[in-house]
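Visitor: Could you walk me through this one and tell me where the labels come from?

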Amino acid sequence: MSNPSHSTVEAWDPGLALAQAVALHNAGRIEEAEPVYDRILDALPDHAEALHFKGLAAHQRGRHGQAIELIRAAIARNGEQFGWYSNLGNVLLTTGETDAA
């Protein structure tokens with residue numbers, strides 16, 4: 001007989017998921033990290049860190065317009081991460097938007 005107070009389904013932890021995605025990303029496995037960022041954002045659309053890292057991944061994969069949008073969204077949700085402004089500036093420079101950078 002099963003114990004109804006004990007669930008075999010583990011709780012999903014977005015913080016742990018983000019850490020795993022960033023580790024994949026840093027290891028150059030961006031194509032594996034992106035779906036994890038997506039899962040976090042599906043559950044928590046305003047998750048600033050996931051938005052930022054998904055933006056970096058988009059930039060690294062050549063989707064610069066998407067990267068700009070995502071990093072700006074991250075900054076709008078947490079403007080205290082000053083490195084994110086630098087990352088946004090780098091993407092803007094890549095697209096030739098030197099005045100905006």
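Guide: Let's start with the aromatic pairs: the count comes to 2. Rings of Phe, Tyr and Trp (its six-membered ring) pair if their centres lie within 6.5 Å. By the way, this is a predicted model, where local features need pLDDT of at least 70, side-chain atom pairs count only at pLDDT 80 or more, and totals for chains, interfaces and linings use all residues. Residues are numbered from 1 along each chain as its sequence is written, and side-chain values use heavy atoms, leaving out hydrogens and water.

Visitor: Why is the pair Y37 and F53 called stacked?

Guide: The ring centres of Y37 and F53 are 6.3 Å apart and the planes sit at 15°. Planes under 30 degrees apart count as stacked, over 60 as edge-to-face and the rest as tilted, so Y37 and F53 are stacked.

Visitor: What makes this pair tie parts together?

Guide: Y37 lies in helix 2 (residues 30-43) and F53 in helix 3 (residues 48-60), so the pair links parts that are 16 residues apart in sequence. Helices here are DSSP runs (H or I, at least four residues), numbered from the N terminus.

Visitor: Is Y37 buried or exposed, and how do you know?

Guide: Buried means under 20% relative accessible area, exposed over 50%, and partly exposed in between (1.4 Å probe, protein chains only). Y37 has 0%, so Y37 counts as buried.

Visitor: Why are F82 and Y85 called stacked?

Guide: Their ring centres are 6.4 Å apart and their planes are at 25°, so that pair is stacked. F82 and Y85 are 3 residues apart in helix 5 (residues 82-94), about one helical turn.

Visitor: What labels do F82 and Y85 get for accessibility?

Guide: F82 has a relative accessible area of 62%, so F82 is exposed. Y85 has 39%, so Y85 is partly exposed.

Visitor: How do you know how helix 1 runs relative to helix 3?

Guide: The axes of helix 1 (residues 14-26) and helix 3 come within 11 Å and cross at roughly 20°. Axes are lines fitted to C-alpha atoms over the stretch in contact, with angles from 0 to 180 degrees between N-to-C directions. Angles under 35 degrees count as roughly parallel, over 145 as roughly antiparallel, 65 to 115 as roughly perpendicular and the rest as oblique, so helix 1 is roughly parallel to helix 3.

Visitor: Which residues make the contact?

Guide: Contact means heavy atoms within 4.5 Å. Helix 1 brings L18, V22 and H25, while helix 3 brings E49, A50, F53, L56, A57 and Q60.

Terms used: Helices (H or I, at least four residues) and strands (E, at least two) are DSSP runs, numbered from the N terminus.
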